[in-house]
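Reader: Hi! Could you walk me through some side-chain contacts and helix packing here?
Author: Happy to. Let's look at it together.

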Amino acid sequence: MGSPLSRRLNKPAEEARRPLAEVRPLEAPPPAPAPVAEKPTDDTHAYIPPPKRRTTPRVADLRRQLRPKLLAAPNEADEWRRDNAEHQKIIVDRLNVFLQRANLQLPKPEFDELREALLDDILGWGAIDPLVRDRSYSEIMVNGPEIIFAEKKGKLIETEYVFDDDDHADWIAQKIVRRMMRSFSREQPMTDARLPDGSRVHLIRKPSALQGTTMTIRKFPDKVLTVQDLIRFGSFTQDVADFLQACIVARLNIVVAGGTGSGKTTLLNVLSSFIPDDERIVTIEDAAELQLTQRHVVRLETAPPIPGSKDGTGQLVIRDLVKGSLRMRPDRIVIGECRGGEALDMLQAMNTGHDGSLTTVHANSPRDAIARLETLVLMAGMDLPIGVVRRQIASAVQLIVQQARLKDGSRKIIQVTEIQGMEGDSITMQDLFVYKTPDHKGAGPSHVGGGTLQPTGYRTKFGERLEQAGFKLSGKMFGGGVPNGAK
Ligand SMILES: Nc1ncnc2c1ncn2[C@@H]1O[C@H](COP(=O)(O)OP(=O)(O)OP(=O)(O)O)[C@@H](O)[C@H]1O
Ligand SMILES: [Mg+2]
């Protein structure tokens, strides 16, 4: 306690709301603190955080006091742009007027720092503005004001950026949710949103997020990754792409499984691109990320309750949308992710004529994906016996494609597994393709880079169905083996 930062954090809210004429003019600017790495106290193997790029204390103080005052209304600049010269001029002119009125003359470097800081807060995304604008970062993670990580080329690194304090991070969070008419407050402490460019944002705050405002931003890709891109990256082979295309056209129901950030949504998008143009597709997502190029697409996204409503008025959850979509005459339903009871509605839809549907689940192996689906179905609260649930899954889902982020940061398909049916009370499965590295011994896939997705020697049991859809796949594709199920 007692540091300039904690003093700022503990400052009463009234101070921030004082009219600008009362902004405290400081006599001499305090020297700018040099960026220093926080030194670890223990041995040489300890993690050393990068030097932090902190705003000087006086600029941070002025920035906090001034940012609400430079706007006629909190949302005035929500649609303005950081790179728009006219918008910048409006803010800088107002800043000059305020500083004059407060009789505050700042040395040029300090004025420049304050101007850029305010432009970032009002027109951009505050401390993380450079990360949001730099397209080479694919993900930004704010763990409270002090610690900001970002992913670049598959590698997660701690960045030099920091918010001045939690108010500062909250200012940006409010800006993000306001544009979407969502709220982020003690009443609504966790929410999802999107940046104007489509990037997905998850927000959570105190008391649940102990470090304060926590943001996870998944950047919207500049360019939608295509099947050819993923083959080029080595995420899967041309053979596997051909096989998956055949499965989609032949209307197999497919579940993409994978851990957080493993590339499930990207793969779902690529698989969806194989859906023929003349089919009606309904996509259902929490925060719309899919970018299908077909024209006959209805895009649905969940809706939060109207801010301030106590009884959830206006809310639509994935389950509502799945049920509703069945009345929209879809040929295909693509559900961004199954996370709850909607899994039951989806399986029922898959079993009742909406075959060729696609979804993702959070799971680390195909077997785990089945267990996850079972749990999700039980969450629907229908009290179904487990045997019934398994039978539903076994008859609804034909293929599980396992995606993973490997130890080297690359994202790949590591297993393509067919559901064969039931044996007693268990679901039987067969791997068709498994990712292996040369020195990998175990039966399952390898999780380190440098391998290939290899056929297991088992041929798909849906060969006839694929043929009827116009795909004659050679036995070589599957490693020259016998049809799956015939062994
Ligand atoms: N095969 C791939 N090769 C390289 N980068 C990829 C690949 N697949 C996805 N990515 C990138 O990885 C990041 C995460 O991808 P994606 O959003 O598809 O993952 P996810 O599993 O759906 O994540 P979440 O669990 O958060 O929903 C994105 O930046 C995406 O562009
Ligand atoms: Mg996803």
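**Rings, charges and helices**

Author: Let's start with a charge and a ring: the charged end of Lys-152 sits over the ring of Tyr-137, 4.7 Å from the ring centre. That wording requires NZ of Lys or CZ of Arg within 6 Å of the ring centre and within 35 degrees of the ring normal.

Reader: Thanks! What is the background on the model and the numbering?
Author: This is a predicted model, where local features need pLDDT of at least 70, side-chain atom pairs count only at pLDDT 80 or more, and totals for chains, interfaces and linings use all residues. Residues are numbered from 1 along each chain as its sequence is written, chains are lettered from A and ligands numbered from 1 in the order in which they are written, and side-chain values use heavy atoms, with hydrogens and water left out.

Reader: Good. Which residue lies over the face of Phe-98?
Author: Arg-101 does, at 5.3 Å from the ring centre.

Reader: Switching to ring pairs: how many aromatic pairs does a search of the whole structure find?
Author: The search finds 3. Among them, Phe-243 and Phe-433 form a tilted pair, with 5.8 Å centre to centre and 50° between the planes. Rings of Phe, Tyr and Trp (its six-membered ring) pair if their centres lie within 6.5 Å; planes under 30 degrees apart are stacked, over 60 edge-to-face and the rest tilted.

Reader: Where do Phe-243 and Phe-433 lie?
Author: Phe-243 is in helix α9 (residues 238–249) and Phe-433 in strand β14 (residues 426–436), so the pair ties together parts 190 residues apart in sequence. Helices (H or I, at least four residues) and strands (E, at least two) are DSSP runs, numbered from the N terminus.

Reader: And is Phe-433 buried or exposed?
Author: Phe-433 is buried, with a relative accessible area of 1%. Buried means under 20%, exposed over 50%, partly exposed in between (1.4 Å probe, protein chains only). Phe-433 also pairs with Phe-478: the centres are 5.9 Å apart and the planes at 40°, so this pair is tilted.

Reader: Nice. Last topic, how do α11 and α12 pack?
Author: Helix α11 (residues 318–325) and helix α12 (residues 342–351) pack at about 20°, with axes 9 Å apart. Axes are lines fitted to C-alpha atoms, for helices over the stretch in contact, and angles run from 0 to 180 degrees between N-to-C directions.
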